[in-house]
Amino acid sequence: MASVSLRGIRKRFHDNVVIKDIDLEIEDGEFVVFVGPSGCGKSTLLRIIAGLEDVSEGTLEIGGVVSNEIEPARRGIAMVFQSYALYPHMSVFENMGFALKLAKVPKAEIRARVERAAGILQIGHLLERKPKALSGGQRQRVAIGRAIVRKPEVFLFDEPLSNLDAALRGQTRVELARLHRELGSTMIYVTHDQVEAMTLGQKIVVLNGGRIEQVGSPFELYERPANRFVAGFLGSPRMNFFEATLVSAQARSATVELAHGVRVQVAADAARARPGDKVVLGVRPEHLQIVHTGEGGGIGASVALVEYLGDVTLVYAHADGGGDMVALKCDADTAPPAPGSRVTLAFPATRAFLFDAGDRAFTPGWADSAAAQGLREPMT
Amino acid sequence: MKHRSQLGWSIVATASACVLAALWVFPLLWALSTALRPELETVSATFHWLPRSWTLDAFAKTLGAGNLPRWLFNSALVALLVTLVTMAISLMAAYAFSQLRFRGRSALFGIAMLAFLLPFEALLVPLFRTMNALGLINSYAGLVLPQVVSPVVIYVFKQFFDAVPADFREAALMDGAGPLRVLWSVYLPISGNIVWAMAIVTFIGAWNNFLWPFIIVTSNDMMTIPLGLTQTYDAFGVRYAQLMAAALLGALPVALAYVVFQRRVTQGFLATSGLKG
Amino acid sequence: MFKRAANTELARSAPPMAGRAEGLPAALLLAPFVLVFLLFFLGPAVQTLWLSLTESSLTRTSAFVGLANYATLVQDEAFWASLGHTFYFSLLTVIPLTVLGLVMALLVHRFVRASSWLQGAFFLPYVLPISVMTLIADWMLQPSSGVINHIVGGQRAWLADVDWAMPMVAIGTIWWTVGFNMLMLLAGLRNIPAELYEAAALDGARGFTLFRAITWPALRPVVGTALLLQLIASLKIFGQTYILTTGGPFNTTRVTLHYMYETAFTQSDAGYAAAIAMAFMAVVIALSLLQLWLGRSWRRMRAGREA
């Protein structure tokens, strides 16, 4: 059993509360990603699980055993460090076998395990080299191999891809997913990169300021963000937000008024709010469309910048109501508007989100209609 | 295109460099020249820069008579022991101060660093009495022991250990290593260079130490080179060729160490100075 | 500063390693050091204080006499004279050593290709034992066959001359130890980013202006440190005067430590010698503290400027 359970975890650095009451259950064999901006506590949480940091309050259970006081080496975990932390004076073989040597595992078995791990990671030909003779990608594999060799119940990864260049990163992501399928172990992965989170995670934990913002599958987090933070964190370019006032709320939709009196409809259940309340409208760049003026209520904007990316074109515009620049993701085949030109923007009501004054999301009303439209959660 | 003033500076600089360098190597060269001539020539009425007859006589006599070989042996033994013991003690202490947590750590470190303020010279009398009580007067142990207390070396090592990325320690932790094992398997192998630098500096310092051997040694046989060389005044009277030969032989080991390990020596001495600044 | 660290991912609170039992390995590792430190440093230090309050010979302690030794010390002309000689030596060496060290550092810095030779020439004396310096100095200063008199003329016995003995010791010391200063100042020079010089060169600065505008301000703190270190080191002089002049002629080169040595080992008056040691320590400690304080305030000032 390689489940991990965090209950009421709280961590203080002197007077600073860095982790504030975290409750989290991780199932055996899951690939969980901790993601969030710098300073949100994701690395600290990982290190707490690893035993490199003490817990100020709360209970940590690994494999059903309360592990707060257990030494790191005896928790049944292995960690891959961001900097790899390969011992510079030892060969790759010695690096990978170090933990086993300390545990007094017989030499023959050490060799067997190291060679098997090296085989999985295709570094068998590097076993005699020293870390400084390896490339970044090779070093990273050795770091992973060092973890595999220990046959841990839980793998911990601390931003393992951040020191690799972009091409290598994509490649390694795929390999990590393959590794998880092959080994079937529980994996906890920390990153600040939401692309890594979305592609690797079966379960994503979004952290902010030491608290969990939302836990769920990539689909859930992307399509049903619980609050404005999660909505704005996942997706690139970021979701567009508009300040608005609630006009009226019906069963499955609400009407809100934006700047310049523009009124739009959103498929959300805003029953718990009152007309006149301040709300925030959120629309993802890929759902904003440029329409011909006059086709009903739309948001006026003037185009500031157009970026051609090959597969899509990004259009940045200043909306009439002020606020941050609005981003649109357009099909690269259609001609984009010229910078400086005026456009009208619109979006389907079922693809918009509404957040209250406390940044909590109003339940999207599209859930049923999405199913009706044949949209389903992707298989993972 | 060099301006006139730049050219002027160039000349001044080059001239100064030459003059100063010449001045600085002159004494040793002159000592060599003296040592390579027959004894009578050194006090002859006419002065000669170079020997008129070249001979290794002085060196032979110095090595034969007197106790120079014995002093060389003593110096080597003492310097070696001091270096080894100081390195061992200091590495262990520095590691404990740097990486282990225990009550009173900062207080203890502060007290150890206090030794910077107190000059060794002021402790001569009580040290002598302690050695006397321990029966270590005129012994190798007596020579070596007070010299192994080196807060400077501990401080340098601690700074170094502090700068090692925490990742290595944590990785070793996760691999199941205890604190002693981490020191042995991770920190020591990484610190090769700095240990070398400190070892050489300590060796040179121990070799050149005059004051303490002067106090603790009472017989000619136990003298170290710096001490022994001063005895040559009486032993050889006014035999300057032999005196110079003795001086050069006494200087040879450390000079060689410097020439061979120039970079490490300077690195080591610099490390000990930087902390005071 | 710590709060900022705690908010980033980089805060490492350095938890204990092996569970909570870090006291034992720490004790094991520290035991040798603590032992020698107590026996051969702290113990003797306390003993010096104790001795200074007693009437003792070199081997036996007799009576407790309170501050009697200190009372004698204050009136002791020989002690104050020795202090004077020590400060005279400092005066003769501290500034020349620093100035010369700076000049040498500048030269080594400038002549890059010859730098290891130049550096070697200046630094080599520093690694030599003191007796090598004294032997060569004594030979060079011989009245009839010494090379100095051959160059300068005359038959003066420099080390026996009341006016010249100390200056000659000083010159020998300068030859012997300037390398260390040069090293420190050279490191300071090399720490100055090349870009500063390049920018100034583009602005048209040359030669002495460069020195005044860039080099000297950056070097000033290092020079200050070097001066103070030299001062403290010069107070501890013993070997050179003892060997070269035996404190003569007529005790004019007898420095404080020499006086202390004589009191303890020749007159076997350990109590009084300890009092001398305490007085000597007080001066050195005061100056060392000054140096530490200056170093810290300089670092703070620099940090403030860069902030």
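First, the ground rules. This is a predicted model, where local features need pLDDT of at least 70, side-chain atom pairs count only at pLDDT 80 or more, and totals for chains, interfaces and linings use all residues. Residues are numbered from 1 along each chain as its sequence is written, while chains are lettered from A and ligands numbered from 1 in the order in which they are written.

Let's start with chain B. Chain B has 15 helices and zero strands. Both kinds of element are DSSP runs, numbered from the N terminus: helices are H or I with at least four residues, strands are E with at least two. The C-alpha trace of chain B spans about 75 × 70 × 35 Å along its principal axes. Its radius of gyration is 24 Å, whereas a compact globule of 277 residues would have one near 19 Å. That radius is taken over C-alpha atoms, and the globule rule is 2.2 Å times the number of residues to the power 0.38.

How much of chain B is buried? Of its 277 residues, 47% are. Buried means 20 or more other C-beta atoms within 10 Å of the residue's own; exposed means 12 or fewer, partly exposed is in between, and the C-beta atoms are placed from the backbone. Now contacts. Two residues are in contact if their C-beta atoms, placed from the backbone, lie within 7 Å. Take the contacts in chain B with a separation of 6 or more: 75% of them join residues 24 or more positions apart.

Next, the domains of chain B. The assignment gives domain 1 (4-59) and domain 2 (64-274). Such bounds come from an automatic or database domain assignment. The two domain centres, taken over C-alpha atoms, are 33 Å apart. Across the boundary, 10 residues of domain 1 are in contact with eight residues of domain 2. On the domain 1 side, helix 1 (4-35), helix 2 (39-42) and helix 3 (57-64) of chain B each supply at least two residues. Helix 1 gives the most, with four. By class, that side has six nonpolar, two polar and two charged residues. For the classes, Ala, Val, Leu, Ile, Met, Phe, Trp, Tyr, Cys and Pro count as nonpolar, Asp, Glu, Lys and Arg as charged, and the others, Gly among them, as polar.

What does chain B touch? Take chain C. Here 75 residues of chain C are in contact with 76 residues of chain B. Helix 2 (residues 23-52) of chain C makes the largest share of the chain C side, 18 residues. That side divides into 55 nonpolar, 15 polar and five charged residues.

Now chain A. 14 residues of chain B are in contact with 16 residues of chain A. On the chain B side, helix 9 (166-174) and helix 10 (179-190) give two or more residues each. The largest share, six residues, comes from helix 9 of chain B. The classes are nine nonpolar, one polar and four charged.

On to the strands of chain A. Four of them form an open antiparallel sheet, in the order 2-1-4-5. Two strands pair if DSSP finds at least two bridges between them. Which strands stand at the edges? Strand 2 (16-26) and strand 5 (65-66) of chain A do; each has a single partner strand, so one side of each is left without a neighbour in the sheet. Strand 1 (residues 4-13) joins strand 2 of chain A through seven bridges. In this pair, Val4(A) stands opposite Ile26(A).

Both of those residues come up again. Ile188(A) touches Val4(A) and Ile26(A), and also, among others, Phe34(A) and Leu156(A).

Further along, strand 11 (residues 240-249) and strand 14 (residues 278-283) of chain A pair antiparallel over six bridges. There, Phe241(A) has Gly282(A) as its bridge partner. Strand 14 is also joined to strand 20 (residues 352-355) of chain A by four bridges, again antiparallel. Leu281(A) stands opposite Leu354(A).

Last stop, Asp158(A). This residue lies in strand 7 (residues 154-158) of chain A. Why does Asp158(A) count as buried? Because 25 other C-beta atoms lie within 10 Å. Its contacts include Ser43(A), Met79(A), Val80(A) and Val190(A). Asp158(A) and Val80(A) are 78 residues apart in sequence, yet 6.1 Å apart in space, C-alpha to C-alpha.

Notes:
Lists of a residue's contacts leave out its neighbours within four places in sequence.
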